[in-house]
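Dear colleague,

Please find below the structure that I am handing over to you. My notes on it follow directly after.

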Amino acid sequence: MSDLIHYRLEDGVALIGLDREPVNALGQSLRCALAEACERAAMDPGVQAIILYGEHGLFSAGADIREFGTDASFAEPDLPSTLVRLTEIHKPMIAAIGKLALGGGLELALACGYRIAEPGARLGLSDINLGLLPGAGGTQRLPRLIGAESALNLILSGEHIDAERARLLGILDRIAPSAEALLDEARAYAQELIDCSAPARPAEAWPEPTEGLPDDFLARYRAEHEPRWKSRLAPRLVLSALEAACLLPQEEGLARELALFKEAEASRQSKALRHVFFAERESARIPGVSADIPLRPISKVAVVGAGTMGGGIAMNFANAGIPVALLELSGSALDRGLTQIRSNYEISVKRGKLSIEQVQQRMDLLFGTLDYADLYDADLVIEAVFEKLEVKQQVFRTLDQVCKPGAILATNTSSLDVDAIAATVSRPQDVIGLHFFSPANVMRLLEVVRGKATAPDVLASTMIIARRVGKLPVISGVCFGFIGNRMLEPYAREAHRLVLEGATPAQVDGVLTGLDLNMGVFSMLDLAGVDVNFLVRDANRAAIAHDQSYCRLGDELYGLGRYGQKTARGFYLYEGRNRKDDQEVVALAERLAGELQIPRRPIGNQEIHDRCLFMLINEGIQLLDEGIALRASDIDLVWINGYGFPAHLGGPMHYAEQLGLDKVLAGIRHFRQALGEYGEMWFTPAPLLERLVAAGHPRIERV
Ligand code: NAI
């Protein structure tokens, strides 16, 4: 028998332990061993009941994601038919769930007639996050177990629920008192089932999954939720599978589910989401730095500046149970900062996400101070003061004097030179950039900026602590704007220029949101503040671009006091949350076009797409070539998690590969010619893009 399975017989009970570390992924080899073990137990007359469990305490985190999209995905024995076979065994089968039963792992448990878990177990069908649906009976067995509505919510959210919730929903029959007691409880459960001659499978709790629901439940569900799905395919396929569960006999439902699963698996969206899944894992690797480099322990943090960013940054650490000292210039600024933090937490209480006790625990971890001496024992200090080089340099000089040796000194600058800040201290190797995104307690992305002198262990320790507090850290080199904002510049430039040439802000934004971006360029600017954008631009004109005529529109709006949503006027007019086009902006664009001698013409949506996206892609490729980004997939993570680029397009680099790099290059060359002097100025293909296309290389990587 395979060493992926442990098989033993105890008092008429076959114990089948899955042993494919780290997470018992149900790849072909494990499926094969599992099927064999189950057959053995089915055939053995000495076996009266069967227990499936995870050998090292973890049941199964699901399918082997590397198999999706390859022949191995359905290599025999495939998971759906293995599970059907399990349901046919005429002996009670118990899934004893330790730690995780996710995706295919939960489907395996659903194929068992009985389920018990340890109290800390987490369960879920998270296939949707990979652009898939449960394909091994989950969409058919779950609604028959817990009803259509709960099943839909669980599958569409991809949420992982705890054992107690799973028991209340009806997924679990029992919860063992502890993880250690799980197997013993499962044995006792098996004995009870044997003693009362329980059936191999109990009767379905919901033979009619829509029982008690209105006749048009599914149609209403679709109407209510579809707008949020935008162009995502997987939620629609889930709904079709659920429809089958409600309308068809199980066997036909399973066949329908399989067909829908295969459609999802073959889709570009799922391929893109699988790319994102692997990109997140890959981003943790630091080339040239060994994975077992000794880390600097981080158990105390300090944040300098308790403004918008500093407060949000501090919350991340308090949320993870790490004490934070918050330093401000004055008592009133400190009070303001702490009050803001408390009111952010109170919003979470109102939403039922935090209890009042939890808020107090977190607030107790925050310690306000006006005295730098209180920062002496911090392991990590994050500076989030005003965006002025001299101010930041002064803060770092002081930190150099007060902080203990080995403390990591980080700056949250969004546009200043991290190396110029590091140059002010006697220990530049301890300095790093930590570019949080706003709101810092919510946004997952963190650009970790590696300075010229940053020590490898500082980088590695920072990457680890960032993940510990729930962030997705992505390494960037030093340049103006780092990865994300530097790419934003040419992308936003095209958006502005297109408005000068004859498009409207709403048309440009419409093309971008039509691609499922969360926001278009102009609504984003109105939200962030036309004034904020102007001030950053104004302070950095030399670093941004030699010709800034395309910025005239933003500059003039700033001059008019049209700062965006906060003044109810910006690129759009706002009435409450509603946004309207403004003729004044169109007239302004016409006037500026006249002054700048830009001919106006009707602009097609394809041109908007190509100019904005190709310039975004081109800049990303250039960043990779310069070594600012380590990998194309890191760039994708930045844009998905910081700028609302749809994950189901895989990020701008993956999207470019899907479009075809030759097509992107041809587009850039076309605009270089078609747009005259402006085209020649800006539409310069990144040399790496040219090299990749010349070599016929379909993937974006450094060559
Ligand atoms: P803010 O103006 O809300 O907060 C700055 C805080 O720092 C103020 O409370 C001020 O009293 C305090 N401060 C100023 N000088 C200080 C000093 N010498 N010692 C101690 N405290 C001092 O500014 P915000 O928006 O929080 O920005 C802070 C930093 O974060 C800037 O470098 C900014 O570029 C960066 N950042 C901002 C983002 C945003 O969206 N607001 C996004 C990413 C980075």
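This is a predicted model: local features need pLDDT of at least 70, side-chain atom pairs count only at pLDDT 80 or more; totals for chains, interfaces and linings use all residues.

I begin with the chain as a whole. It contains 30 helices and 19 strands. Its radius of gyration is 28 Å, close to the 27 Å that the globule rule gives for 703 residues, so the chain is as compact as a globular protein of that length. Along the principal axes, the C-alpha atoms fill a box of roughly 90 × 60 × 50 Å.

The chain is divided into domain 1 (5-265), domain 2 (301-476) and domain 3 (484-694). The centres of domain 1 and domain 2, taken over C-alpha atoms, are separated by 43 Å.

I then turned to one pair of helices. Helix H28 spans residues 661-674 and helix H30 spans residues 687-694; they pack at an angle of about 130 degrees, and their axes lie 9 Å apart. H28 and H30 are therefore oblique to each other. The crossing in which H28 passes H30 is left-handed.

Which residues of H28 and H30 meet? From H28 they are Leu-661, Asp-662, Val-664, Leu-665, Ile-668 and Arg-669, and from H30 they are Leu-689, Glu-690, Leu-692 and Val-693. Of the residues in this contact of H28 with H30, seven are nonpolar, three are charged and none is polar.

With kind regards

Notes
Residues are numbered from 1 along each chain as its sequence is written. Side-chain values use heavy atoms; hydrogens and water are left out. Axes are lines fitted to C-alpha atoms, for helices over the stretch in contact, and angles run from 0 to 180 degrees between N-to-C directions. Helices (H or I, at least four residues) and strands (E, at least two) are DSSP runs, numbered from the N terminus. Angles under 35 degrees count as roughly parallel, over 145 as roughly antiparallel, 65 to 115 as roughly perpendicular and the rest as oblique. A crossing is left-handed if the near helix is turned anticlockwise from the far one by less than a right angle, and right-handed if clockwise. Contact means heavy atoms within 4.5 Å. Ala, Val, Leu, Ile, Met, Phe, Trp, Tyr, Cys and Pro count as nonpolar, Asp, Glu, Lys and Arg as charged, and the others, Gly among them, as polar. Domain bounds come from an automatic or database domain assignment. The radius of gyration is taken over C-alpha atoms; the globule rule is 2.2 Å times the number of residues to the power 0.38.
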